[in-house]
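Me: I would like to learn how to read the features of a protein model with some care. Could we go through one together, turn by turn?

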Amino acid sequence: MKKQVIGVAVVATLMGVGGVLGTTTTAQAKTQTTLRTIPQRYRHTWYHYSQGKYEKLTFSTKKIASLSYFDGQSAKYRTNLHAHKLTTTKFKQHTTWISATTTKRRHATWINVRGWNQGMGAGDYYKVMTKSYQGDRHAVLSQAGGAGVWTSAHYYRSKKIAKQLKNHHFKGEVYY
């Protein structure tokens, strides 16, 4: 149930429900803008397996696309990354635009993705790390949300690994 609620929150966040970025990190203060491109290590198609279905997140240079499920119904979205100055406070309405910043939380660098017109909420957080499972190492895209950056799902580079690991919880993560 939590996964389904999170899925709806992800769609709502990335479709532009609300507007202005909140806190920034030191690195962001130096650049004075949000990310212009999605970092290279994210730019793949990632799979999550839950309740008999594959969910998919695809990151490219300036786009994020998703296929997720809620109450058995599929939901697709596609968003476009746009940069803006961190001091900007007024935005024109763009329902498919997003902005992203980097932030350090719990000894890891995350990207925080928010809807262009998002006024409230923490947005969605993503990080890519290499994790071990039964002696094998895998690239893992972790998805998190909320003020505590609580992990809600892990995505993998192949459907096979996604199905094998399903809802595995890794040591050191803080989960919903």
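Me: Which residue takes a positive phi in the hairpin of strand 5 and strand 6?

Reply: In that hairpin, which has two residues between the strands, Arg106 takes a positive phi near 45°. Strands and helices here are DSSP runs, numbered from the N terminus, with helices (H or I) of at least four residues and strands (E) of at least two. Two strands pair if DSSP finds at least two bridges between them, and strand 5 and strand 6 do so in the antiparallel sense over eight bridges. Within that pairing, Lys104 stands opposite Thr109 in strand 6.

Me: What should I know about the model and the numbering before going on?

Reply: This is a predicted model, in which local features need pLDDT of at least 70 and side-chain atom pairs count only at pLDDT 80 or more, whereas totals for chains, interfaces and linings use all residues. Residues are numbered from 1 along each chain as its sequence is written, and side-chain values use heavy atoms, with hydrogens and water left out.

Me: How many helices and strands does the chain have, and in what order do the elements run?

Reply: The chain has three helices and nine strands, and from the N terminus on they run α-α-β-β-β-β-β-β-β-β-β-α.

Me: How do strands 2, 3 and 4 pair?

Reply: Strand 2 (53-59) and strand 3 (residues 63-70) pair in the antiparallel sense over four bridges, and a hairpin of three residues joins them. The hairpin of strand 3 and strand 4 has two residues between the strands, and Asp71 in the turn has a positive phi of about 50°.

Me: In which sense do strand 4 and strand 5 pair, parallel or antiparallel?

Reply: Strand 4 and strand 5 pair in the parallel sense, over two bridges, and the bridge partner of Leu81 in strand 5 is Ile98.

Me: How do I read burial, and what share of the chain counts as buried?

Reply: Burial is read from relative accessible area, computed with a 1.4 Å probe and protein chains only: buried means under 20%, exposed over 50%, and partly exposed in between. Of the 176 residues of the chain, 45% count as buried. Tyr69, which lies in strand 3, is partly exposed with a relative accessible area of 24%.

Me: Which residues have the most contacts inside the largest nonpolar core?

Reply: A nonpolar core is a set of buried Ala, Val, Leu, Ile, Met, Phe, Trp, Tyr and Cys residues joined through side-chain atoms within 4.5 Å. The largest one has 17 residues, and those with the most contacts inside it are Tyr42, Leu57, Phe59, Ile64, Val113, Tyr126 and Leu141. Among the elements that give two or more residues to this core are strand 2, strand 6 (108-115) and strand 7 (124-133). Apart from it lies another core, of ten residues, including Tyr47, Tyr49, Tyr133 and Ala162.

Me: How many salt bridges are there, and which residues do they link in a network?

Reply: A salt bridge is a side-chain nitrogen of Lys or Arg within 4 Å of a carboxyl oxygen of Asp or Glu, and by this rule the count comes to two. They form a network that links Lys127, Lys131 and Glu173. The side chains of Glu173 and Lys127 meet at 2.9 Å, N to O; because Glu173 lies in the segment after helix 3 and Lys127 in strand 7, the pair ties together parts that are 46 residues apart in sequence. Glu173 and Lys131 meet at 2.8 Å, N to O, and this pair ties together parts that are 42 residues apart in sequence.

Me: Which side chain is in polar contact with that of Ser142?

Reply: A polar contact is a pair of N or O atoms within 3.5 Å; within protein, one must be able to donate a hydrogen and the other to accept it, and residues adjacent in sequence count only if both atoms are side-chain atoms. Here a polar contact of 2.9 Å joins the side chains of Ser142 and His154. Ser142 lies in strand 8 (residues 136-145) and is buried, with a relative accessible area of 1%.
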